[in-house]
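Welcome, and thanks for taking a look at this one with us. Below is a short briefing, grouped by topic, to read alongside the structure.

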Amino acid sequence: MTSELSQAVEAAQAGDEEAFRFLYRSLQPGLLRYLTALVGADAEDVASETWLQVARDLPNFSGGEFRAWAVTIARNRAMDHLRRQRRRPALPVPVQELSELAGDADTAERAGESIGTEAALAMIASLPPREAEAVLLRAVVGLDAETAGRVLGRRAGAVRTAAHRGLRRLALLLGERAEEEAATAATPAPPPRPRTGPQAPHAEPVDG
Amino acid sequence: MFLRRLGGSGAPTDPEQLLDAAREARPATSSGPSDPLVGLLRAAAAPPRERELAGEQEALAAFRAARQAGAPAAAPRPRRRRFTAGVVVWIAGVAATATAGAALAAVRLDQPDERPAPPPAPITGPVAPSPRATGGQPDRDGASPSRGESEAPSVVTPGAGVGPTDGLAPTPPAPESSAPVVDATVQAGPGNSDNTADRSGLCKAYLQKSERQREKALRTPAFNELVVAAGGAENVMAYCQGVLAETDPQWLAKHGPSTAPESADGQVASTTDS
């Protein structure tokens, strides 16, 4: 995977458009999900800003982990975005918007999973920001702890700790969710509708 | 590693392994199939959905634009409004000079003679040599505008092979000649007529956006080229419909906005502004 990526990076630097498309397709889904946790509904805008900068600066990219480089750009763009937003009236927490998107329960059922992608992301986004970022970079973007630490400006050990805490918290949330579902299991209505209510107390502003 | 218990549920799972396994295609084998945390992570890292890749055309357009800006050595855009566009051109120009100078020269030599005029991109290239070649001016004169201004007309003898360039682009030391230089650049500017294929890609990316995003997109450097080509942000819609009617009418018929007029002969009335 990584060597494939770096080959594609070299080809894209030489002007190969297909290689750039490959980079986009490999990275964009994880990037978008990560950005959704950071900036909510504006994630697509921030992602396209990110790719603009990636396309522009790619000739100057001097090796190393391409994903780490691109995710760092994305994170900086997201932070800029949040700074701009802070000057305007406050917006609702991203989790609210995410829960509206969480209508892919049928997808989850087809895939044999217990939970849909949007619902899962909403649940991760409801974690404290450091934990959410660590979990997303590790599990969704697929960076290892060292690389994620470079993106976040922290040591790998700190990233591991944050991710582990996040996972523990998620396990607790899932336990609560299962209990609630068991309570309402008698009704034949579509059951896997995700419940974001109980997580609201955990939500905090994303950039601390 | 050191954390063996997770969430007090009693399932002995290595969290690092959990995180690593989230993106793997096969179901995680280490823990029971009913572990909801595994399901959650796998769902969060599920394969990409179609709409998550919706920005692909736009990203590719940005890639092309970045490369294009670098290829013909970055002539100054006449209508450049945004500083960032300048930065894009500059960075790409530096990169192209550093990596592809030789290739660039070769490409220019091989180009078919579509235009009799000298390549517009390096303004100082074709223009600067002319006074020196004809008048035998020492190099230092070019540096002082006052002397250059007074001497250039007297020393340069017409009919020494510089006839066309003389009228089109006067010697650089004369400051009042800046306007004609820019005009020449506009006419033969990079991609103003030749690169409709790339334009159509940009146009598609543009037309696929929603109203709100279109307005925003036109302020980004990637679409700056469209604004320049159309002669203003308000003309982009009409321009793009024109371009696509020529290059890809089927796409336009399928995706184009309802305002797109049907054109049998490939020409679209450019009066349909958004």
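Of the contacts in chain A with a separation of 6 or more, what percentage is accounted for by residues 24 or more positions apart? The figure is 64%, where a contact means that two C-beta atoms, placed from the backbone, lie within 7 Å. Please keep in mind that this is a predicted model, in which local features need pLDDT of at least 70, side-chain atom pairs count only at pLDDT 80 or more, and totals for chains, interfaces and linings use all residues. Residues are numbered from 1 along each chain as its sequence is written, while chains are lettered from A and ligands numbered from 1 in the order in which they are written.

**The two chains**

- Chain A has 10 helices and zero strands; helices (H or I, at least four residues) and strands (E, at least two) are DSSP runs, numbered from the N terminus.
- Along the sequence, the pattern of chain A reads α-α-α-α-α-α-α-α-α-α.
- In chain A, 48% of the 208 residues count as buried. A residue is buried if 20 or more other C-beta atoms lie within 10 Å of its own, exposed if 12 or fewer, and partly exposed in between, with C-beta atoms placed from the backbone.
- Chain B comes to 15 helices and zero strands, and buried residues make up 32% of its 274 residues.
- For chain B, 53% of the contacts between residues at least 6 apart in sequence join residues at least 24 apart.

**Where the chains meet**

- The contact between the chains draws on 42 residues from chain A and 37 residues from chain B.
- On the chain B side, the elements that give two or more residues are helix 1 (15-21), helix 2 (36-44), helix 3 (56-70) and helix 4 (83-110).
- Helix 3 of chain B gives the most to that side, with nine residues.
- By class, the chain B side divides into 25 nonpolar, five polar and seven charged residues. Here Ala, Val, Leu, Ile, Met, Phe, Trp, Tyr, Cys and Pro count as nonpolar, Asp, Glu, Lys and Arg as charged, and the others, Gly among them, as polar.

**Helix 7 of chain A and its partner**

- Helix 7 (residues 117-125) of chain A is mostly covered, with nine of its nine residues buried; among them are Thr117(A), Glu118(A) and Met123(A).
- Helix 2 (residues 17-39) of chain A packs with helix 7 of chain A at an angle of about 45 degrees, and their axes are 9 Å apart. Axes are lines fitted to C-alpha atoms, for helices over the stretch in contact, and angles run from 0 to 180 degrees between N-to-C directions.
- That angle makes helix 2 of chain A oblique to helix 7 of chain A; angles under 35 degrees count as roughly parallel, over 145 as roughly antiparallel, 65 to 115 as roughly perpendicular and the rest as oblique.
- Arg33(A), Thr36(A) and Ala37(A) of helix 2 of chain A make the contact with Leu121(A), Ile124(A) and Ala125(A) of helix 7 of chain A.
- This contact has four nonpolar, one polar and one charged residues.

**Other helix pairs in chain A**

- Helix 3 (residues 43-57) and helix 4 (residues 66-86) of chain A pack at about 130 degrees, with axes 9 Å apart, and are therefore oblique to each other.
- Their contact includes Val46(A) and Ala47(A) of helix 3 of chain A, and Ala70(A) and Ile73(A) of helix 4 of chain A.
- Seven nonpolar, three polar and two charged residues make up the contact of helix 3 with helix 4 of chain A.
- Helix 8 (residues 129-141) and helix 10 (residues 156-183) of chain A pack at about 100 degrees, with axes 8 Å apart, which makes helix 8 roughly perpendicular to helix 10.
- The contact of helix 8 with helix 10 of chain A has seven nonpolar, one polar and five charged residues.

**Core and selected residues**

- The largest nonpolar core has 103 residues, of which Leu35(A), Ile124(A), Leu136(A), Leu40(B), Ala44(B) and Ala62(B) touch the most other members. Such a core is a set of buried Ala, Val, Leu, Ile, Met, Phe, Trp, Tyr and Cys residues joined through C-beta atoms within 7 Å.
- Beyond its neighbours within four places in sequence, Leu136(A) is in contact with Arg33(A), Tyr34(A), Ala37(A), Ile124(A) and Val141(A).
- Ala95(B), in helix 4 of chain B, counts as buried because it has 20 C-beta neighbours inside 10 Å.
- Ala95(B) and Arg67(B) are 28 residues apart in sequence and 9.7 Å apart in space, C-alpha to C-alpha.
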